[in-house]
Amino acid sequence: MGKVTYVFPGQGKKFGRTELELLKRNSDVLERADEILGYSVAEMIQNKPGKLTKTEYAQPVGFLTNCLYYRELIGKEGKEPDFVIGHSLGELSALTAGGYMDLEKGLALVQKRGRVMAEADGGCMLAVMGKSYDEIMAAIKDAASDEIDIANYNSPFQIVISGPESAIDEAEKEISTRALRTVRLKVSGAFHSRYMRRACDEFKKAVLDFSFDKGNEVKVMSSVEPLLYRENVPEILGEQIVKPVRWIESIESLIDMDSYDFVQVDGGHTMIDMIDNIKFARALRGRQG
């Protein structure tokens, strides 16, 4: 029987009525979260949604709601999954599900992450989509200057690049001549690139000072290294925001571990769509082989 993986989305999710209802159902956790963060999460979602486009607020609120969705999901299913994985920010929610830190301590750590990443502004990210991995990578290689890094290997049909806005502008113009689709990501900086080095160094100090727990039976797959977390949490998490998200490799690793069933904890489909594309490309390789 195949194993089950629960998936945590990263930054970029919109927050609305569904999340307000989620918070209302978990008022005990919400009260403590508000104390840690220094503001009312529910009030922000309801009355100040513009603030939630900012990294310093989007990350802790995303982490909190991810963890609450997970708690409700395992309550409904009556059991925990075999594996968890999170995309970028979602990786910290996955580590909480895997027992490496509790929600309260994790929330404070994520707040620090959001703040240092918000300070590293001035760059941007661009998703490039096409019919094949080779087509996309060839276009990026030809169009991108040496100022640009690959940030996310999301699926064989979507790669994200990161860098200074002027360099991304030029790359986008060139890539568009090849009939590939591009979308600017709604983030404040060039995440998962060399331009996060200062933020990474600041966050690493917090990670090295953090007392991680030993974990539980739920195995956590990293999204920047295609391997399971064990005693290596500080090493991987400390460098996570400058390294590319190797989503394709990490999902392939989970499939190799007999996990074929993936569930996005918030009921969304963004992560599942990318995973389905990875499965599709994998099946094609199998038939061609």
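Helices (H or I, at least four residues) and strands (E, at least two) are DSSP runs, numbered from the N terminus. By this naming, S88 is found in the loop between β2 (83–86) and α5. The model is a predicted one: local features need pLDDT of at least 70, side-chain atom pairs count only at pLDDT 80 or more, and totals for chains, interfaces and linings use all residues. Residues are numbered from 1 along each chain as its sequence is written, and side-chain values use heavy atoms, with hydrogens and water left out.

A residue is called buried under 20% relative accessible area, exposed over 50%, and partly exposed in between (1.4 Å probe, protein chains only). S88 counts as buried, and L228 is buried too. The loop that holds L228 runs between β7 (219–221) and α10 (233–239). Contact means heavy atoms within 4.5 Å; the contacts in the table leave out residues up to four places away in sequence.

| Residue | Relative accessible area | Contacts |
|---|---|---|
| S88 | 12% | R113, H192, S223, Q240, V245 |
| L228 | 10% | F83, K219, V220, M221, M257 |

The side chain of S88 also makes a polar contact with the side chain of H192, at 2.6 Å. A polar contact is a pair of N or O atoms within 3.5 Å; within protein, one must be able to donate a hydrogen and the other to accept it, and residues adjacent in sequence count only if both atoms are side-chain atoms.

**Helix α5**

Helix α5 covers residues 90–97, and eight of the eight are buried, so the helix is largely enclosed by the rest of the structure. Among these buried residues are G90, L92 and A97. After α5 comes G99, with a positive phi near 80°.

**The sheet**

Strands of a sheet pair through backbone hydrogen bonds, either parallel or antiparallel. Here four strands form an open sheet in the order β4-β5-β3-β6, with antiparallel pairing. Its edge strands, β4 (149–155) and β6 (181–184), each pair on one side only. From one strand to the next, the twist averages 25°. Two strands pair if DSSP finds at least two bridges between them; β3 (residues 123–129) and β6 have four bridges. In one of these strands, β6, V183 is the bridge partner of A127.

Helix α7 (residues 133–143) packs on the sheet and touches β3, β4 and β5 (158–164), its direction making about 15° with that of β5. Helix α8 (residues 165–176) lies across β3, β5 and β6 and runs at about 140° to β5. Axes are lines fitted to C-alpha atoms, for helices over the stretch in contact, and angles run from 0 to 180 degrees between N-to-C directions.
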